[in-house]
Amino acid sequence: MNSRGMTLMRGVADVVFPPACVHCRAIVETSPIDQPVEAERGFRHLCIRCAAQLEFVRPPHCSTCGHPFYGVVEGERMCVKCEGLDPAFRQGWTAVLFKGPARSLVIELKYHRGLHVLADMREVFRRSTALMEQVRGAYLVPVPLHARKSRERGYNQALLLANALAAAAGEETRVQPLLRRVVDTPTQTAFDRRTRMANLKNAFALAPGPALNPALHYILVDDVFTTGSTLNSCARALRRAGALSLDVVTFGHG
Ligand SMILES: [Zn+2]
Ligand SMILES: [Zn+2]
């Protein structure tokens, strides 16, 4: 079906099932179907009021996790939360703060099989200009799920987000799922930091497939930056495999 046909179909679907905002459940007003370009560029699952509440991260921010510094910052590059992390990656960026509507988008994607919100998440990335500058031309490596969890959920949200990020960045940005999760780590929240670190040690290994090329720029992609320990374990696995230029991008910072 051509794009005009797709737009028409979607227009019909929107009349029958008007899209509801994933955050406040209000009906999302979309542009008329004779203005497909504008409709493509807006949010389809966040109403105008909730979209306005998205807190985009602007510089200055922590060089490791991307959390914004408020007010004037001189010389300080890493936030207090990242001080104990000893990052194996160079820098980290995050698009938005993990709260309000951004949190609702992630929850819809991750726990409600809401793959339709990926279009809105791509739009969030597209509007994160500083982050997008880092991503262009890079190879995006999603944080893998263990095979068991991936089967349960039916998809890996980090891989889908990496695809959305690549689509927002343009065709010279590629997705390469280089890692696999070899240890089925228990739910992280049930453990203290030390136990979590021990669980994550050697939890990741190279996946079968194309080899890592040390000359390329790799960016690990995940949905949320919390403690950074999972991302750091992935970064260590890529470093062991020879990655030299390695950064991190997350959708939200929580
Ligand atoms: Zn709303
Ligand atoms: Zn930080």
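1. Is helix α10 largely enclosed by the rest of the structure or exposed, and how many of its twelve residues are buried? This is a predicted model, and every point below should be read that way. In it, nine of the twelve residues of α10 are buried, so the helix is largely enclosed by the rest of the structure.

2. The details of α10 are as follows. The helix covers residues 229–240. From first C-alpha to last it reaches 16 Å, close to the 16 Å expected at 1.5 Å a residue. Its buried residues begin with the run S229, T230, L231, N232, S233, C234 and A235. A237 and L238 complete the buried set. After the helix comes G242, with a positive phi near 110 degrees.

3. Next, the zinc ion (ligand 1). Which protein atoms are its donors? They are the SG atoms of C21, C24, C47 and C50, lying 2.3 to 2.4 Å from the metal. The angles among these four donor atoms run from 102 to 117 degrees, and the site is tetrahedral. Along the sequence the donor residues are spaced C-x2-C-x22-C-x2-C. The pair C21 and C50 links distant parts of the chain, 29 residues apart. C21 sits in the loop between α1 (3–16) and α2 (36–41), while C50 belongs to helix α3 (residues 48–51). Both C21 and C50 are buried.

4. The zinc ion (ligand 2) has its own set of cysteines. C62, C65, C79 and C82 coordinate it through SG, at 2.3 Å. The site is tetrahedral, with angles of 104 to 112 degrees among its four donor atoms. The spacing of the donors along the chain is C-x2-C-x13-C-x2-C. Both C65 and C79 lie in the loop between α3 and β1 (92–97), so the pair ties together parts that are 14 residues apart in sequence.

5. The cut-off for buried is under 20% relative accessible area. C65 is at 1%, so it also counts as buried. C79 is buried with a relative accessible area of 11%.

6. A check on the cysteines: how many disulfides does the count come to? The count comes to zero. A pair would need its sulfur atoms within 2.5 Å to qualify.

7. Y139 deserves a look. This tyrosine is in strand β2 (residues 139–142). Y139 is buried, with a relative accessible area of 13%. Leaving aside neighbours within four places in sequence, Y139 is in contact with R174, Q176, L216, H217, Y218 and I219. With R174 there is also a polar contact of 3.5 Å between the side chains. P177 is 38 residues away from Y139 along the chain, yet their C-alpha atoms are separated by 9.3 Å.

8. K110 is a lysine to inspect. Is K110 buried or exposed? K110 is buried, with a relative accessible area of 18%, which is under the 20% cut-off. The residue is found in helix α4 (residues 100–111). Its side chain joins that of D223 in a polar contact of 3.0 Å. Not counting residues up to four places away in sequence, K110 touches R153, Y155 and Q157 as well as D223.

9. Some backbone geometry calls for a check. Most residues other than glycine have a negative phi, and most peptide bonds are trans. Where is there a cis peptide bond? A cis bond joins P59 and P60, with omega about 0 degrees. P60 is found in the loop between α3 and β1.

10. Two residues have a positive phi although they are not glycines. D86 has a phi of about 50 degrees. Its place is in the loop between α3 and β1, and D86 is exposed, with a relative accessible area of 58%. R113 has a phi of about 55 degrees. R113 is found in the loop between α4 and α5 (118–126). R113 is exposed too, with a relative accessible area of 55%.

How values were computed. Residues numbered from 1 in each chain as written. Chains lettered and ligands numbered in written order. Predicted model: local features only at pLDDT ≥ 70, side-chain atom pairs only at ≥ 80, totals over all residues. Heavy atoms only, no water. Helix = DSSP H or I, 4+ residues; strand = E, 2+ residues; numbered from the N terminus. Expected span 1.5 Å × (residues − 1). Buried < 20%, exposed > 50% of the residue type's maximum accessible area, 1.4 Å probe, protein only. Donors = N, O, S within 2.8 Å, 3.2 Å for Na, K, Ca; no water. Tetrahedral: all angles 85-135°; square planar, octahedral: opposite > 155°, others 65-115°. Contact = heavy atoms within 4.5 Å. Polar contact = N/O pair within 3.5 Å; in protein donor to acceptor, adjacent residues only side chain to side chain.
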